[in-house]
Amino acid sequence: MPYENILVDTRGRVGLITLNRPKQLNALNDRLMDELGEALLAFDADEGIGAIVITGSEKAFAAGADIAAMAGWSYMDVHRSQYITRNWETIRRVRKPVIAAVAGFALGGGCELAMMCDIVIAADSARFGQPEIKLGVIPGAGGTQRLPRAVSKAKAMDLCLTARLMDAAEAERSGLVSRVVPADRLLDEALAAAQIIAGFSLPSVMMAKEAINRAYEVPLAEGVTFERRVFHSLFATEDQKEGMAAFLEKRAPQFRHR
Ligand code: CAA
C-alpha cells in the first residue's frame, strides 16, 4: 500500500523509516502503526538490509497516541479496536536490530515506541515522558511495564504519576537511551551505528538481539542456558570460521551471511 504517514528509504544496508505526520507531531494512529509494521516486516525480509532506523522530525519523534482519534471512544470501542496497540507486537516480530533516533518529544505511545526498539539514540533536544495521567488514562502500549525495567520503579512512578518530562541527559543517566548526540548529528550517528551492525554476520546479530531480549522474559539460569546453546550453535556458521580466522590473520573479516 502507498504510505501516507511514514517515509521509507534505504541507506546502504540500513532501512530508514521516518514517521511523517508533522502537523500532529507524529501522533500515532492505526494507519501509521499499520504502515510502520508493514515497512518493518518488509525490511526484515529484505536480504539487502541488516539494520533498521526509526526516526521522527526535529520537533517530535512522536507525541503519543492520536488523542483526537480516541477522545470520544467508549470502553467497547477501544477494547474492540485495541487502537494503536492492535498490531504493536509486530515490532517485536522484527528479528533485525531496530534503532530509535529520537529528537524532540517522545511522549506516551511515542516513548513506548522508542522502548520497543533495541537501541535508543537521543538528540540533546529529546524529551521523554508518559503524560497519559493528564488525560485521565494510563500508558496503554507497555509504558507501565517497560519503563520500570528501563529506568527503575521509582523513576517510572515519578514519570507516570506526575506526567513530568525527562530530558535527554536524564534519560541517558537513567538507562533509557544508550547515547545522546547533538541534534544536528542525530540521524548521521544513528545511521552510522546501524551501518556498523549491518556489517556484522546477520545470524550472530539476530541471535544477540534474541538472547538479550530473552533476559526480560525468563529467569537468569534459563537465560544463561539459552545463551550458551545459541553460542554453541554459531560454531556451525561459516561466519564464525571467517571471523576468528580473520582475527588470527590480522585482516578484516568477509562475512558471507549479512
Ligand atoms: N494526539 C493528537 N494530536 C496531537 C498530539 C497527540 N498525542 N500531540 C500533539 N498534537 C497536535 C496538537 O493538537 C496540535 O494540533 P493543532 O495545531 O491542530 O492544534 C499540534 O499537534 C501541535 O501541538 P501543540 O500546539 O500542542 O504543540 P506544543 O509545542 O505547544 O506542545 C506537546 C507539544 C507538549 C507535545 C503537546 O502537543 C502535548 O502535550 N501533546 C500530547 C502529549 C500526550 O499527552 N501524549 C500521550 C497521548 S495518549 C497515549 O499515548 C496512550 C498510549 O499510551 C497508547
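Mentor: Let us begin with C160, which is buried at a relative accessible area of 13%. Please bear in mind that this is a predicted model.

Trainee: How many disulfides does a search of the whole structure find?

Mentor: In general, a disulfide is a covalent bond between the sulfur atoms of two cysteines. Here the search finds 0 disulfides. The cysteine sulfur closest to that of C160 belongs to C111 and is 8.4 Å away, too far for a bond. C111 also counts as buried, with 2% relative accessibility.

Trainee: What confidence does the predictor give?

Mentor: As a general rule, where pLDDT is low, the predicted coordinates should not be read in detail. In this chain the mean pLDDT is 96, and 100% of the residues reach 70 or more. For the complex, the predictor gives an ipTM of 0.98 and a pTM of 0.97.

Trainee: Which residues come nearest to the ligand?

Mentor: There are 23 residues around the ligand, and K59, A65, G109, E112 and E132 come nearest. By class, this shell has 13 nonpolar, 5 polar and 5 charged residues. The elements α2 (67–70), β6 (105–107) and α5 (109–116) each contribute at least two residues to the shell.

Trainee: Which polar atoms should I examine there?

Mentor: A polar side-chain atom of K59 is 2.7 Å from a ligand oxygen atom, and a backbone N or O atom of A65 lies 2.9 Å from an oxygen atom of the ligand. A polar backbone atom of I67 is 2.9 Å from a ligand nitrogen atom. Of the 980 Å² of accessible area that the ligand has on its own, the protein covers 61%.

Technical notes
Residues are numbered from 1 along each chain as its sequence is written. This is a predicted model: local features need pLDDT of at least 70, side-chain atom pairs count only at pLDDT 80 or more; totals for chains, interfaces and linings use all residues. Side-chain values use heavy atoms; hydrogens and water are left out. A residue is near a molecule or strand if one of its heavy atoms lies within 4 Å of it. A polar contact is a pair of N or O atoms within 3.5 Å; within protein, one must be able to donate a hydrogen and the other to accept it, and residues adjacent in sequence count only if both atoms are side-chain atoms. Accessible areas come from the Shrake-Rupley method with a 1.4 Å probe; for residues, only the protein chains shown count as cover. Helices (H or I, at least four residues) and strands (E, at least two) are DSSP runs, numbered from the N terminus. Ala, Val, Leu, Ile, Met, Phe, Trp, Tyr, Cys and Pro count as nonpolar, Asp, Glu, Lys and Arg as charged, and the others, Gly among them, as polar. pLDDT is the predictor's confidence in each residue, from 0 to 100. A disulfide is a pair of cysteine sulfur atoms within 2.5 Å. Buried means under 20% relative accessible area, exposed over 50%, partly exposed in between (1.4 Å probe, protein chains only).
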